[in-house]
Amino acid sequence: MKQAPEHLVNLIEPIVDGLGYECVGIEYNPHPKNGLLRVYIDSENGVLVEDCTKVSHQLSGMLDVEDPIVDNYQLEVSSPGAERPFFKVSQFERFIGSTVIINVFKPIDNRRKLTGIIERVDVENDVVVIQQDDYSLEIPFQAMSKARLMPDYLIKKGGRNGK
């Protein structure tokens, strides 16, 4: 799943914001028969099914009128959940001290999947610094293919791979 093209973001974000929610991010996976447009929303009070339905209804109407996607697709609106995805470097700031799983396009430290505690965020230079064992690792945001928060229940159990 990849981040949506800018024209979709520019159509969707103002509607989500206008309804009083934070548009955490938008993923778009094009496919001629069954594409997927996923919109993550959040609010200070959390997100309920009713919130997702409300946003979905508003977005569906706009997408029908604007028709920015030629192929068939399914619209999905959801909360970011415990494994919150990150779409902007500034989103990491709120979670300093939390554990994150970052996949990178090219290996860093001989690995494509990095897990560590968010130590610092340099929004100006688009860099996230994570603490791994006894050292810090600077990861440019452009190098990230995917980044998600690691939920507490996975940390307590020893992570995804039992490490």
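This is a predicted model: local features need pLDDT of at least 70, side-chain atom pairs count only at pLDDT 80 or more; totals for chains, interfaces and linings use all residues.
The pattern reads β-α-β-β-α-β-β-β-β-β-β-α, and that comes to 3 helices and 9 strands. How compact is the chain? Its radius of gyration is 17 Å, close to the 15 Å from the globule rule for 163 residues, so the chain is as compact as a globular protein of that length. If you'd like dimensions, the C-alpha trace spans about 55 × 35 × 35 Å along its principal axes.

Of the 163 residues, 41% count as buried. The chain exposes about 9,700 Å², and carbon and sulfur atoms supply 47% of that. Look at the contacts with a separation of 6 or more, too: residues 24 or more positions apart account for 55% of them.

A word on charge: there are 18 positive and 25 negative charges, and their mean positions sit 9 Å apart.

Let's zoom in on one residue, Gln-132. You'll find Gln-132 in strand β7, which covers residues 127–132. Is Gln-132 buried or exposed? Buried: its relative accessible area is 4%, and the cut-off for buried is under 20%. And what does the side chain of Gln-132 make a polar contact with? That would be the side chain of Arg-111, at 2.7 Å. Leaving out residues up to four places away in sequence, Gln-132 also touches others, including Asp-109, Leu-114 and Leu-137.

Terms used
Residues are numbered from 1 along each chain as its sequence is written. Side-chain values use heavy atoms; hydrogens and water are left out. Helices (H or I, at least four residues) and strands (E, at least two) are DSSP runs, numbered from the N terminus. The radius of gyration is taken over C-alpha atoms; the globule rule is 2.2 Å times the number of residues to the power 0.38. Buried means under 20% relative accessible area, exposed over 50%, partly exposed in between (1.4 Å probe, protein chains only). Contact means heavy atoms within 4.5 Å. Accessible areas come from the Shrake-Rupley method with a 1.4 Å probe; for residues, only the protein chains shown count as cover. Lys and Arg count as positive and Asp and Glu as negative; His and the chain ends are not counted. The place of a charge is taken as NZ of Lys, CZ of Arg, CG of Asp or CD of Glu. A polar contact is a pair of N or O atoms within 3.5 Å; within protein, one must be able to donate a hydrogen and the other to accept it, and residues adjacent in sequence count only if both atoms are side-chain atoms.
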